[in-house]
Every structure is written in structure tokens, then in C-alpha cells.
Amino acid sequence: MTVQTVIAAGEVVERALALSRADEAIVIVTDAHDASLRWAGNSMTTNGSSVSRDWAVVSIFRDGPNSARVGTIGSTSVDPTEIEAVVRRSEEAARTAEPARDAMPLLEPDAPVDDWAAAPGSTGIEVFTDLASGLSTGFDGSDRLYGFAHHTVHTTWLGTSTGLRRRFVQPTGSVEINGKRGAGSDLASAWVGVGTSDFADVDVPGLLTELSRRLDWAKRKVELPAGRYETLMPPSTVADLMIYLHWEMEGRGAHEGHTAFSRAGGTRIGERLTDIPLTLYSDPTAAGLEYRPFVATSASSQAMSVFDNGLSAERVDWVRDGVIESLVYPRATAAEFGATATVPGGNLLLAGGSDATLDDMIARTERGLLLTTLWYIREVDPASLLLTGLTRDGVYLIENGEVTGAVNNFRFNESPLDLLRRVTEAGATQTTLPREWKDWFTRTAMPPLRIPDFHMSSVSQAT
């Protein structure tokens, strides 16, 4: 029996760089430790944990200071004897590649990495101990609970042939609980969720209380037609739409006239969206929402460049006090258009509203809808950032300051950019979990928003 030797991730970086025959090379290794817990019908069903490694070698051959050909080969192998083969394949890919549009000098080292040789971060099913204990109280009730909890710890090592070294440990967790009550035409369904880095801050009793409250609201069923309704959006639904907005904030696309951030002769930077002093920003140091503070990418896109590996991520205000402030620019794109290089955010926060809670805003609503979750969001028109999607697990009617019943589901057509132009009230910002984009983006903090004319374009039969 052959025992597989697994070497440390930092050693993989050093060996691959030493083997490289390219003019320059970049190596990125990510070790992932995952744990998950699933429950259905008031009973735990599965749990488990896993360990994996993903790594890539980027080879660069220079034709000049700002001209280069790039080849990238990725691998999930943990066999150290395969490192050289991956390096050679990467070099072969680079030799036959077209010149890179985003060629720039690689970054030089700035400071030593003290924890380069440290073990990767880890997790296990024990991280769910308190969560499982809290859920057990909900399992004793009459409502049927379903859900999923996931915790991943990614540790990333980045090394380049210029001597730059970076390392970061990124924990990411989330909890989603779906509650069901009744059956048939009387079936009520509601959803709550929260993001977390370590599960120590997850308020399970609070989540179950909110879930029960939403199911109570559904005792009365109200059928409404499609149309435009005054709508309150809790933080989770705001997050789902603001994330899509941020994904579309690519500087090149805006300058070339391809996006909703384009306008004649340039971009919409400097355009005022709202008189409410809302600031949409990303900050790698935001408490509880921290993310990797440097670029680590094995492929170039309009948002990131392999030549920017190791570039520090700083706070960026995408919208400041209601005015579009920044777009995403890799260094080469920034140089081309005379802009400042900016790194896409690994978190997203919207601040500048009042101290009002969602309940405060409900109490001030004469008649409107409470829109608690969205799903199946897709882009309809890039030029206006028009999105379509469906409501799910909880659209409620507000009358005279109280939630009086559950409403049928809708398909909606809205642009998050236009929502910021039309918002009439923003409440207090709080950490939240986007439902639609949870698998890709969990670190968000949003306020509830009041939209006077949210467009429910048609009635949906979704449940």
C-alpha cells in the first residue's frame, strides 16, 4: 500500500516557482476545509466535513515591459511529483497564447509574511454544536423546519517570481432555515438566514422567533394582481440586488458603452442617484465581514488581472453620499482610462440611512408589501441593469401599520440602479445574508429600504 505524501501549501508555491523556466511566474494555492449540516422535517439528516486543495501556476513570457503572453494551468492534485508537470504545461500554454491585453509589471514584495509556514485554517462539525442545540427546540414545535448550515475555511498562499508572498485565512459560514406550516391551499412557507464567520454570533432563538412570526402572518391569504406597489425591502433582499449592481461596476465596460454605468463620452461616475446620503462600499477590515485583503487570481477578467496578484485591497466607496464614486479597474485598465486602480469587493455594505428598524418602517406604512426573499434573479437589459426574478417564501400585505396577511408570489422587473434613484426611506444597516447569491457572496450589511413603486410585473405560481 502506497501512502500519499502531502506537502505544505507554502512548499508547493516554492517548489513550483523554483521549477519555472518562464520569464515570470505566479503560484496560488488554496486549502479548503468544509463542514456542513442539513436538517429536514424537524430532524437532522446529514453532516460531514472535507478537506481539499486547489492550486494554479501562471507562467508569463515577456515580449517587452508591457507586452506578455500568459498561460495558466490549475490542479487539485496533492501529489508533489506532479508539480513539475503542471509548471511545464503552464509554460507551454503561455508560449502559444495571444499577447495579453492587461500586461503590466508584476508587483514587487513589500513586507515579509510571518505566517507563511503556518498550518491552514480548519473547521469541523463541532462548529455547529450550539446551532444544533438551538434548532432542537424548534424541532419540538408543530412547524416543519428544513435547512442547511455550511462553514468553509479557505487558506490562500500567493507567491510570485518577484519575491512577493501573501497568505490569508478566510472563514465563511451561513445558516438558512425554511419553515412550513399547514398543507395544501393552507400551506405557509417562510425563510430566514444569516451569515457568520464562526457561528458564535448566530442567534438561533431569534431566527426561530422571526420565522414563527412570518408564518403567523400567513394565516390570512390575500390575492393581489400584478402592478406597482409601495414595498418594504428587508436587508436580505436589498443585498441580493446590490450585489448584482456591484458585479456590473466594471470600468472597462462602462467606458466602452456596454453597461448601465455608461453615458455619452464616459461613465456615470459623479452622477447623483439619491438625496438620501447612502454610501455603498467594500472594506476588507469591516468588523465581522473581513475578506482577503489582496488580489489572488489565476485568470484575468474585466474585474481582475493576473498581473495584479498581490495588489492590496483597500476600502472603496462605490457610491458615496448618494453619488456614484468608483468603478472596478485593474491596473492596466486604470492606466488606459486615467482612473485609479480598484479591487472588487469581497464584502458589500450600504450605510447612511436612519436608525429606523424594519418594524418602525412597517408601522409607518399605510398600505404596501413586505418583500422578504428573492430568487432566480437574471439580467434582462445590461444597458439599464434591468433584472427579473421571483418572490418566494413570504410576500406580505401591510395595512395601517401592521402586517395583515400573506400575498401570492410575483415575478418582478427592477433595476437596482433605479431603486437607488427612487428610494424614499432607508433604515438602519445590519449584517444580513442574501438568499439568491449566498453561494457566491455572504458578507453583506444592508438597511431596509422603502420603494414607492416596486414593479411586480406578473403573478407567479411559485410557492
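## A tour of pockets, cavities and a helix pair

The lining of the largest pocket comprises 17 nonpolar, 16 polar and 7 charged residues (Ala, Val, Leu, Ile, Met, Phe, Trp, Tyr, Cys and Pro count as nonpolar, Asp, Glu, Lys and Arg as charged, and the others, Gly among them, as polar). Before you select anything, note that this is a predicted model, where local features need pLDDT of at least 70 and side-chain atom pairs count only at pLDDT 80 or more, while totals for chains, interfaces and linings use all residues. Residues are numbered from 1 along each chain as its sequence is written, and side-chain values use heavy atoms, with hydrogens and water left out.

**Stop one: the largest pocket.** Select Arg292, Met304, Gly346, Trp440 and Arg443; of the 40 lining residues, these are the closest to the pocket's centre. The volume here is about 1,300 Å³. On a 1 Å grid over the protein atoms alone, a pocket is an open set of points with protein on both sides within 12 Å along at least five of seven lines, a cavity is a set where a 1.4 Å probe fits but cannot get out, and lining residues have an atom within 4 Å of a point. Grid points are joined across faces, edges and corners, and a volume is the space filled by probe spheres set on the points. Now colour β1 (24-40), β2 (43-64), β4 (144-160), β5 (165-181) and α5 (235-247): each supplies at least two residues of this lining. Helices (H or I, at least four residues) and strands (E, at least two) are DSSP runs, numbered from the N terminus.

**Stop two: the cavities.** The structure holds 2 cavities of 30 Å³ or more. For the largest, with a volume of about 40 Å³, select Ile7, Val12, Arg53, Trp55, Ser77, Val78, Asp79, Pro80 and Ile83. That lining has 6 nonpolar, 1 polar and 2 charged residues.

**Stop three: α1 and α2.** Show helix α1 (residues 9-19) with helix α2 (residues 83-95): their axes come within 9 Å and cross at roughly 50° (axes are lines fitted to C-alpha atoms, for helices over the stretch in contact, and angles run from 0 to 180 degrees between N-to-C directions). Val12, Arg15, Ala16 and Leu19 of α1 meet Ile83, Glu84, Val87, Arg88 and Glu91 of α2, with contact meaning heavy atoms within 4.5 Å.
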